[in-house]
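Colleague: Please take a close look at a single part of this complex for me. I would like to know how the chains meet and what lies behind the contact.

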Amino acid sequence: MSEENYSNDEIQLVIFKLGREEYGVSILQVQEIKRITDITRVPHTPDYIKGVINLRGSVLPVIDLKNRLSLPQQASTEDTRIIIVKVEDLSIGMVVDAVSEVMTISRQNIDSPEVVAGSIAANYLSGVGKMEDRLLILLNLEAIIGVGQEVNPA
Amino acid sequence: MDTNQYMGMFLEESREHLQNLNSCVLELENAPDNLSVLGEIFRSAHTIKGMSATMGFTTIAELTHEMENILDMLRKSQLQATPDIIDTIFKCVDTLEQLVESVATNSESTIEVEPLVVKLKALAKGEAIPVPVSGEKTKAKTESSATTSGSNIDFSDTEIKVLEKAFGQGLQAYEATVYLREGCLLRSARSYMVMNALDEIGEVIKTVPSVDDLEKEKFDLSFQAIIVTSSDAEKVQQTVLSISEIDKVEVVPCILGDTKEVHEEVQVAKTEEAKKTAPANAAPVAAAAKNKGGQSVRVDIDKLDALLNLVGELVINKTRLEQIGITHKLTDLVETIEQMDRVTTDLQSVVMKVRMVPVGQVFNRFPRMVRDLSHGLNKEINLIIQGEETELDRTVIDEIGDPLVHLLRNSIDHGIEHPAEREANGKNPVGEVRLIARHEGNNVIIMVEDDGKGINPDIIKRIAIKKELITQVEADKMDPAEAVRLIFLPGFSTAEVVTDVSGRGVGMDAVKNKIESLGGMVDVETKINEGSKFKIRLPLTLAIIQALLVNVSEEIYAIPLGSIDSTININATDIKTVQNKEVILSRGQIIPIVRLAHVLNIPETEKEEQEELFVVIVHIGEQRAGVIVDNLIGQQEVVIKSLGKLLAGIKVIAGATILGNGQVALILDIASLIQ
């Protein structure tokens with residue numbers, strides 16, 4: 001997530017769950033949220049690429065966010081969703097365990113990712129937000145999707 | 001005046017006219033006294049001048065203006081088309097191309113036109129004496145140039161008949177030259193008003209430029225109209241002047257005698273042309289056909305792409321409806337869909353056709369290139385182009401130019417020998433390069449053939465070993481055809497001396513990659529001392545294909561029907577191994593086996609080893625392979641979708657498609673599957 005998204009005093013986040021942790025991405029990057037559908041596996045791709053889906057006639061890659069962030073896997077449930085995000089002209093789906101709400105958070109409540117470095121590659125984080133007693137992990141989508149570094153055949 | 005909105009049109013049309021200039025001047029070189037070609041050149045140059053002046057590109061206008069002077073003198077036979085003049089005109093065309101491109105890229109133009117302008121002026125002055133020529137034809141020519149000094153209008157047969165008939169009825173014919181006021185904005189609208197006004201007092205039988213061109217504003221500030229009327233010249237003049245923004249109008253009586261002679265002269269030129277069998281003469285036919293051409297609309301390619309996408313969506317939804325009809329056994333629905341199917345199929349083929357462009361668009365720049373190359377290499381080469389009317393999808397056309405340039409350069413540089421060498425080998429000193437396009441089923445074949453020295457497989461092997469592309473052992477096992485295909489390997493270049501033309505070692509593998517990325521393939525046949533033949537096979541379209549859907553465990557894959565030979569059933573025991581590779585024997589051929597489940601890393605499911613196996617025999621060129629699948633689902637029309645930037649470049653997968661049930665299926669890339 002680039003600096004400018006946080007330059008205002010407040011930002012709006014889409015909050016979702018991976019396991020028991022809560023994550024957020026800027027609402028500006030979210031295109032839509034979809035129930036889980038058939039995902040077609042694509043061979044010779046990294047593990048975290050879950051496959052492709054049909055989004056109203058176009059073919060969209062979907063990544064398994066938990067796999068990407070090295071979190072423990074679990075089977076999909078009623079709550080499992082695909083968040084379609086757009087990063088630098090690239091639309092992509094992310095499988096998450098549940099989408100909970102949209103929340104406005106003030107910029108001063110966001111800490112730099114260094115505080116939690118070590119839990120997941122700090123590279124994938126853009127900050128940690130504090131809301132009362134909740135902690136929101138803000139994701140750096142560019143790094144997660146790997147824009148600019150095309151997936152090479154395994 | 002804001003000219004930006006016309007920029008795209010200006011560039012496109014300039015390029016078209018420059019292309020036309022190139023091919024026409026080439027023709028003129030072969031037949032220096034061909035008046036109709038000269039006329040064509042003159043018109044193109046004139047149009048460019050007009051357009052560039054309007055757009056404010058004074059350098060272009062200046063250069064074309066000087067060109068026009070020379071051309072006009074050529075046309076009036078005050079000057080003869082010497083090689084020097086032809087070369088200068090070629091140089092002008094090249095410079096104009098650069099100028100137009102610099103306009104396109106918006107770069108600061110540093111291109112010098114001054115030397116060319118000086119040269120043109122010198123040519124015009126230095127040799128502006130009528131060159132004495134002999135014979136009956138010359139007389140006709142000088143006469144015609146005299147009579148046409150006022151009017152440069154050529155009449156067609158029908159127009160002459162109309163004129164004769166009009167004179168028979170006691171009507172008058174006038175040639176009205178209308179000059180619009182400087183700075184007049186809507187010139188096409190003005191011309192239209194003039195035509196309308198003239199139509200009220202008589203009948204306009206011809207305009208120069210044509211009505212089409214007038215509508216497209218393809219003229220400068222003046223145009224001519226031939227009107228047949230019962231009124232007198234003054235009335236005609238007044239009628240025209242009654243329209244605003246007209247600067248002046250010249251009305252002169254039109255006399256048939258003159259025109260007829262001009263007409264005959266053109267005829268003579270044309271018959272002469274027809275007699276010649278020289279290949280470059282294919283162009284005037286095309287030019288004539290183009291002039292005749294019906295009405296057309298220029299459409300942005302993006303719009304066509306959008307249209308094609310929509311049709312693709314429609315096809316997907318149709319397939320979905322089909323499935324609903326079948327699963328729920330709704331006879332009415334199925335019948336309706338069958339009808340809809342016909343409509344969508346038609347719609348699809350129409351949209352496809354709209355996107356089709358004749359390969360001539362790419363081919364027509366080659367005669368000039370071949371001329372320049374052969375001059376540069378001191379070789380004599382006759383380029384024969386066939387099938388330029390063959391149509392291909394626009395996207396393919398855009399991409400195919402570079403590979404063809406490469407192949408042609410190779411043929412000219414490496415293939416065709418020097419004249420002396422050819423004669424020593426008992427060949428015609430003039431080498432022949434053929435560029436042929438034709439349809440073959442759902443494909444278009446483009447061939448580049450030469451009658452040069454051919455490719456020696458032993459030399460190829462030697463070079464390949466030297467460059468460590470293959471080992472000696474591998475080389476020994478190769479048959480000649482395989483050896484020749486080594487030229488397609490990356491980093492292979494056969495030129496003993498690296499020339500300006502080719503031989504930088506990037507050639508053939510780039511050609512192969514490009515063509516394969518277009519879903520096509522390239523192969524080579526060669527015979528020592530007889531020549532080589534490069535054959536490119538391209539799909540007609542890239543967007544919608546017929547495919548066979550197959551099951552591999554739970555997953556569905558699509559195999560393009562174009563690369564399928566047959567499907568067969570075999571027993572597990574039919575699979576033999578040769579050097580640890582699995583093969584089967586089909587119709588006496590040994591075919592290597594590809595286990596799809598293995599190649600695609602499909603997760604193992606618990607199931608018994610099937611006794612009976614389905615094998616899809618696929619081919620790319622001469623290479624075959626048997627693909628083992630679990631089940632055949634059926635043949636279906638699929639719309640090819642790209643996997644997107646993130647997943648680009650995955651081997652074995654060519655793209656994706658959406659099935660009737662909304663599921664995504666992947667399309668296999670047979671070429672990489674076989675390798």
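Modeller: What follows goes from the contact between the chains to the core and then to one arginine.

This is a predicted model, in which local features need pLDDT of at least 70, side-chain atom pairs count only at pLDDT 80 or more, and totals for chains, interfaces and linings use all residues. Residues are numbered from 1 along each chain as its sequence is written, while chains are lettered from A and ligands numbered from 1 in the order in which they are written.

Start with the contact. Chain B gives 24 residues and chain A gives 21 residues. Two residues are in contact if their C-beta atoms, placed from the backbone, lie within 7 Å. On the chain B side, helix H13 (301–327), strand S21 (653–658) and strand S22 (664–668) each give two or more residues. Helices (H or I, at least four residues) and strands (E, at least two) are DSSP runs, numbered from the N terminus. That side of chain B holds 14 nonpolar, five polar and five charged residues. Here Ala, Val, Leu, Ile, Met, Phe, Trp, Tyr, Cys and Pro count as nonpolar, Asp, Glu, Lys and Arg as charged, and the others, Gly among them, as polar.

Now the core. The largest nonpolar core has 79 residues. Such a core is a set of buried Ala, Val, Leu, Ile, Met, Phe, Trp, Tyr and Cys residues joined through C-beta atoms within 7 Å. Buried means 20 or more other C-beta atoms within 10 Å of a residue's own, exposed 12 or fewer, and partly exposed in between, with C-beta atoms placed from the backbone. Among the members that touch the most others are Val52(A), Met94(A), Ile559(B) and Ile653(B). Domain 3 (301–358) and domain 5 (544–674) of chain B both give residues, so this core lies between them. The domain bounds come from an automatic or database domain assignment.

Ile559(B) shows the packing. Beyond its neighbours within four places in sequence, Ile559(B) contacts Ala547(B), Leu548(B), Val550(B), Ile564(B), Val616(B), Val618(B), Leu668(B) and Ile670(B).

Last, Arg320(B). This residue sits in helix H13 of chain B. Arg320(B) counts as partly exposed because 15 C-beta neighbours lie inside 10 Å. Leaving out residues up to four places away in sequence, Arg320(B) touches Gly660(B), Asn661(B) and Gly662(B). Arg320(B) and Gly660(B) are 340 residues apart along the chain, yet their C-alpha atoms are separated by 3.9 Å.
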